[in-house]
Amino acid sequence: MQSSERLDLTFAALADPTRRAILARLATGEATVTELAEPFEMSQPAISKHLKVLERAGLISMGVDAQRRPRKLEPKRLEEAVDWIERYREIFEQNYQRLDALLGELQAKPSRRKRTKK
């Protein structure tokens, strides 16, 4: 899978508030589907669909612990998204700094306009 495809899956997965809440919960440690479903007013199958989206994006993985199938956070994909965002944040910041400098120059120069009487 190419980098752009992985980013597409990551950002699509992060677009949903339920999935972001699941990731926030998994940031504190692994959890089962039942544990992840507790704070939500939705069925376990609905939570499972969200988990599949997160797994497909590579944001979480499923472990095996006896009879349990705990999910855990996979930070590598999040790091890729953060790296992509950071690259563009730096570019935007440089653009804003150049714009600020230009505005400063323009404000420092006296106006050349002549007023005409009507």
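Before anything else I noted how elements get their names: helices (H or I, at least four residues) and strands (E, at least two) are DSSP runs, numbered from the N terminus. With that, I placed Thr32 in the loop between α2 and α3.

Housekeeping: I am looking at a predicted model, where local features need pLDDT of at least 70 and side-chain atom pairs count only at pLDDT 80 or more, while totals for chains, interfaces and linings use all residues. Residues are numbered from 1 along each chain as its sequence is written, and side-chain values use heavy atoms, with hydrogens and water left out.

**Thr32.** I looked up its accessibility: the relative accessible area is 14%, so Thr32 is buried (buried is under 20% relative accessible area, exposed over 50%, partly exposed in between, with a 1.4 Å probe and protein chains only). Not counting residues up to four places away in sequence, Thr32 touches Arg68, Arg69 and Pro70 (contact means heavy atoms within 4.5 Å).

**Helix α4.** I checked the length of α4 (residues 44-56) next. Its 13 residues should span 18 Å at 1.5 Å a residue, and the end C-alpha atoms are 18 Å apart, which agrees (the expected span is 1.5 Å times one less than the number of residues).

Which residues of α4 are buried? I found Ile47, His50, Leu51 and Leu54. They cover an arc of only 100 degrees around the axis, so they sit on the same side of α4 (the arc is that of the directions from the helix axis to the C-beta atoms). Pro45, Lys49, Lys52 and Arg56 are exposed on the other side of α4. The cover over the buried residues includes α1, α2 (17-26), α3 (33-37), β1 (60-62) and β2 (71-73). After α4 comes Gly58, with a positive phi near 80 degrees.

**His50.** His50 counts as buried because its relative accessibility is 13%. Leaving aside neighbours within four places in sequence, I listed Asp16, Thr18, Arg19, Ile22 and Met42 as its contacts.

**α1 against α5.** How do helix α1 (residues 3-14) and helix α5 (residues 75-108) pack? I noted an angle of about 100 degrees, with the axes 10 Å apart (axes are lines fitted to C-alpha atoms, for helices over the stretch in contact, and angles run from 0 to 180 degrees between N-to-C directions). That makes α1 roughly perpendicular to α5 (65 to 115 degrees; under 35 is roughly parallel, over 145 roughly antiparallel, the rest oblique). α1 brings Arg6, Leu7, Thr10, Phe11 and Leu14 to the contact, and α5 brings Arg77, Leu78, Glu80, Ala81, Trp84 and Ile85.
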